[in-house]
Amino acid sequence: MYGMCEAMPAALRVYGHPHLLTVAEAINGPDFVPYNDAIFVKQAGVGGSVAWHQDGVTHWDSPEWDEGIHGFNFQVQLYSTTPANCLWVVPGTHKQGRIDIPRRVAGNGGDEKLPDAVPLICRPGDVTAVNRQMLHGSFANSSPDHRISITMGFHRRRSVIGQRGKLNMGADQVYDEQRIFERSAVIQVAIDARRQRFPNETPFSYRPFAGLEERFRYNRETRAQVIHDYNTKDLAI
Ligand SMILES: O=C(O)CCC(=O)C(=O)O
């Protein structure tokens, strides 16, 4: 489900969480930018599988390629997760470039339960951070336990600037300064939405919007101008 920051004020406030944004800044630098957000729902008994994959499409062959060039995703878990319904990752694979996944599975006798994969088992409210280049996936949820994961991605600004739309963003879209500014404004509005709800918490200070805080308060105007349909401006690479 896309568009949580518009559909769910509580999700907007999670998006502005100072601890999460501090981690995003530490990983991607003070000028970090958003990628997208999505709520993954794995229904009990019928939740579909997500095949092993690596995210990221733009920079695999770049001379500047490194382990962090395609950003990372947080997942905030609303419920406990179990090996049966959780996301699985193969640690270290984000440093290995593009992986021949069919070959890996074939090397495991055709069994998709890869021996070096680990399950991200969480309690409600736990947050994981997964590099988008890491081999990851989840199995069909035939268990009685549902999973709901609020997923939010962040990038280095230099990975995104000047790129063209990828994945669900059209190739006619260019991630120029204006586009990045408009999408990043969601972070600043989210910070303010959180400040209004939790006045005793120290809000995150988002460097690209330093000095612009008054213009990007959470109010009727920014809901219309910044939050409405914000996900049509995602920065997918
Ligand atoms: O949470 C899941 O089951 C899949 C998540 C995923 O594939 C992704 O974030 O790219």
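Modeller: Two strands pair if DSSP finds at least two bridges between them. Bear in mind that we're looking at a predicted model.

Colleague: Good, so how many bridges are there between β3 and β8?

Modeller: Two bridges would be enough to call it a pair. The bridge count for β3 and β8 is 6.

Colleague: And how many bridges link β3 and β6?

Modeller: This pairing is antiparallel too. Within it, N73 sits opposite V130 of β6. For β3 and β6, the number of bridges is 5.

Colleague: How many residues of strand β3 are buried?

Modeller: Take the two faces in turn, counting a residue as buried when 20 or more other C-beta atoms lie within 10 Å of its own. F72, F74 and V76 are buried on one side, and N73, Q75 and Q77 on the other. The rest of the structure therefore largely encloses strand β3, and the buried count is 6 of 6.

Colleague: Over to the ligand: which elements give two or more residues to the shell around it?

Modeller: The ligand has F40, V50, D55, N73, L87, H136, S138, S149 and T151 around it. By class that shell holds 3 nonpolar, 5 polar and 1 charged residues. The elements giving two or more are β7 (135-138) and β8 (147-155).

Colleague: Which strands stand at the edges of the open sheet?

Modeller: That sheet has 4 strands, paired antiparallel in the order β2-β7-β4-β5. An edge strand here has a single partner, so one side of it is left without a neighbour in the sheet. The edge strands are β2 (50-53) and β5 (118-119).

Colleague: Now the backbone: is L167 buried or partly exposed?

Modeller: L167 isn't a glycine, yet its phi is positive, about 55°. It belongs to the loop between α5 (157-160) and α6 (177-197). With 13 other C-beta atoms within 10 Å, L167 is partly exposed.

Colleague: What about D229, buried or exposed?

Modeller: D229 is another non-glycine with a positive phi, about 60°. Most residues other than glycine have a negative phi. D229 lies in the segment after α7 (220-227). Because 10 other C-beta atoms lie within 10 Å, D229 is exposed.

Notes: Residues are numbered from 1 along each chain as its sequence is written. This is a predicted model: local features need pLDDT of at least 70, side-chain atom pairs count only at pLDDT 80 or more; totals for chains, interfaces and linings use all residues. A residue is near a molecule or strand if its C-beta atom, placed from the backbone, lies within 6 Å of it. Ala, Val, Leu, Ile, Met, Phe, Trp, Tyr, Cys and Pro count as nonpolar, Asp, Glu, Lys and Arg as charged, and the others, Gly among them, as polar. A residue is buried if 20 or more other C-beta atoms lie within 10 Å of its own, exposed if 12 or fewer, and partly exposed in between; C-beta atoms are placed from the backbone.
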